[in-house]
Amino acid sequence: MLRKLFFFFVFVSAISAHGTKNERDSLLRVLDHEVSGAAQYLSLHEIKIANARKELQRSAGNEEYVRRLRLLANLFGMYQSDSAFAYNQIAIRHALSLNDDELYVNLMTERAQFLSLAGLPTHAFQLLDTLINSRQAASPELKKIIYEAYFDINDFIYHYNLPGFLMTENARFIAAIRDSFYHYCPEEMEQALHTNTAITSTKEIIEKLKDRMDHSESDMERGLLAMIISNRYRAEAMPEQRDIFLIQSAIYNIRAARMDNEALIILGKDMIATGDWDRAIAYLHLAHQQALFYGSRSRELQLSPLLQQIGEHLSARAKSWKSMTAMVGLVLLVLLAVSVMSGVGLRKRNRSLLQLANTLKSTSALVYARESSTQAQIEAQADAMTQFMGIATDATFEFVHLRQLVVRKLKNNDAQALLKQLTAENSTGKIQTELLRKFDLAFMRLYPDFIAKVNALMLPEAQISKPEDELMSTELRLLALWRLGLTEAGRVATILNLSVNTIYFYRNKLRNGAKDREHFNDGIMAIQGV
């Protein structure tokens with residue numbers, strides 16, 4: 001409790017200061033703390049969702065039921081997009097049954113915002129285009145709501161993520177609907193908040209946004225407003241102020257359990273540029289987990305090149321540690337002959353790490369080809385891509401931790417304890433099991449029909465079935481690595497935690513069970529993915 005109060009005091013003190021380096025550093029320390037404790041905010045949000053679901057079941061009448069559905073949709077709105085869409089769709093159907101045009105228009109504009117935040121702005125625009133011409137949106141008050149949604153998606157959500165030429169085109173689109181918006185919304189403040197060509201100066205707009213942020217009681221709203229203010233400062237070429245509100249946005253988004261944390265991604269990119277790799281890894285690792293959980297296509301595209309840079313950096317660091325690993329092995333050999341196995345194990349992990357890093361580089365190209373694929377291919381390739389990135393990142397983290405353990409124990413002249421810890425049966429077993437599970441998920445996403453296609457090559461009595469308690473058996477993992485081009489028995493044995501002789505045994509067993517033993521290898525390599 002005291003630690004939380006300390007960080008809260010630091011945060012409040014930082015916000016009350018002005019745009020100095022000390023304020024930025026103080027806010028970054030708060031953000032580091034929030035990143036490390038992000039799970040507690042997710043737990044609190046899950047409690048809110050569970051309570052909202054209970055209230056939904058207790059609803060009395062259609063109107064209350066729709067209100068509860070809308071609350072759940074908004075709780076999932078920045079938390080998990082698929083669930084937000086599902087509750088929103090149920091509420092829309094009930095709004096139609098109630099003939100409530102205002103409720104219907106509000107729900108449809110909320111759906112458009114969910115689509116845009118999930119990385120599908122084109123679908124959002126199409127939805128609003130249909131809605132503006134619908135029977136339900138006949139009144140001026142409802143058209144105002146729709147035009148406001150146009151501006152929210154273009155200016156707040158979509159506009160700042162565009163490359164230059166598309167940003168110019170987007171500005172023209174905003175100008176094209178500005179007159180209609182002004183007609184339905186004559187208030188100057190509303191106009192100022194929803195257009196780039198503001199009636200008042202940018203400074204006045206920022207001050208009004210700050211005032212609204214100071215009086216807000218919602219972390220979700222404060223995070224959004226801080227991001228808008230940061231973007232305004234960026235447009236005004238004021239980097240110090242931009243950074244202050246960008247960090248605040250990331251902090252508030254974590255506290256609100258907002259899984260679409262653009263501020264965290266931008267900060268991770270900034271940390272890479274300045275060489276602050278520890279923060280870059282922590283921020284982007286959390287943003288990556290959030291993007292996967294939320295289901296944001298646009299965030300996956302943003303993260304892909306950044307995660308690749310981290311993978312390359314960690315691979316280079318691992319190579320530089322190779323000579324140190326050899327020295328550690330030599331010292332352990334002098335202390336005790338059994339320590340040789342630890343040195344061999346470290347070198348094998350290093351080779352596996354480099355192999356996974358190469359896999360990361362080769363598979364990252366899949367993300368950039370997604371726009372020319374079908375939607376199913378896009379989702380499958382993106383999911384598999386991020387799973388492979390997770391494998392490489394997790395393996396690197398574990399290698400780094402192992403290296404730090406070895407160095408620390410040797411500095412403390414505690415070689416016996418190090419030897420005991422490295423030779424313990426469960427020291428790496430759980431790690432390798434988790435990495436293999438992630439590999440199974442990634443591979444089966446790329447090759448959903450792999451088991452069926454393998455069995456098509458096998459005799460009836462040699463058919464391979466998927467175990468109930470895991471995604472792939474040892475035979476299937478061996479064939480999966482084979483399909484990816486990993487055929488060297490030593491590497492495969494290291495990855496699967498088996499002996500080389502066991503690998504040869506499985507290979508011979510699989511070939512003997514094939515319909516065409518001579519061309520079995522070619523058959524495996526011919527299996528196509530999505």
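## Overall architecture

The protein chain holds 27 helices and zero strands, in a model that is predicted. Of the 530 residues that make up the protein chain, 49% count as buried. When contacts between residues at least 6 apart in sequence are considered, 64% of them join residues at least 24 apart.

## Confidence along the chain

The mean pLDDT of the protein chain is 75, with 67% of the residues reaching 70 or more. Confidence is lowest in helix 1, which covers residues 2-16 and has a mean of 43, and highest in helix 13, which covers residues 239-255 and has a mean of 92.

Over residues 1-19 the pLDDT stays under 50, and for this stretch the model has 22 contacts beyond four places in sequence. Residues 363-376 also have a pLDDT below 50, and beyond near neighbours in sequence this stretch has 22 contacts in the model. Where pLDDT is low, the predicted coordinates should not be read in detail.

## Packing of helix 13 against helix 14

Two packed helices are described by the angle between their axes and the distance between the axes. For helix 13 and helix 14, the latter spanning residues 262-274, the angle is about 125° and the axes are 8 Å apart.

On the side of helix 13, the contact is made by Arg-242, Leu-246, Ile-247, Ser-249 and Ala-250, and on the side of helix 14 by Ala-263, Leu-264, Ile-266, Leu-267 and Asp-270. Sorted by class, the residues of this contact between helix 13 and helix 14 comprise seven nonpolar, one polar and two charged.

## Loop residues with positive phi

Most residues other than glycine have a negative phi. Asn-99, however, is a residue other than glycine whose phi is positive, near 55°. Asn-99 is placed in the loop between helix 5 (81-98) and helix 6, and its relative accessibility of 64% means that Asn-99 counts as exposed.

Ala-237 likewise has a positive phi, near 55°, in a residue other than glycine. Ala-237 sits in the loop between helix 12 (219-235) and helix 13, and it is exposed, with a relative accessible area of 63%. For both residues the class follows because exposed means a relative accessible area over 50%.

Asn-106 is part of helix 6, which runs over residues 101-117. At 17% relative accessibility, Asn-106 counts as buried. Leaving aside residues up to four places away in sequence, Asn-106 touches Arg-70 and Ile-145.

Methods
Residues are numbered from 1 along each chain as its sequence is written. This is a predicted model: local features need pLDDT of at least 70, side-chain atom pairs count only at pLDDT 80 or more; totals for chains, interfaces and linings use all residues. Side-chain values use heavy atoms; hydrogens and water are left out. pLDDT is the predictor's confidence in each residue, from 0 to 100. Helices (H or I, at least four residues) and strands (E, at least two) are DSSP runs, numbered from the N terminus. Contact means heavy atoms within 4.5 Å. Axes are lines fitted to C-alpha atoms, for helices over the stretch in contact, and angles run from 0 to 180 degrees between N-to-C directions. Ala, Val, Leu, Ile, Met, Phe, Trp, Tyr, Cys and Pro count as nonpolar, Asp, Glu, Lys and Arg as charged, and the others, Gly among them, as polar. Buried means under 20% relative accessible area, exposed over 50%, partly exposed in between (1.4 Å probe, protein chains only).
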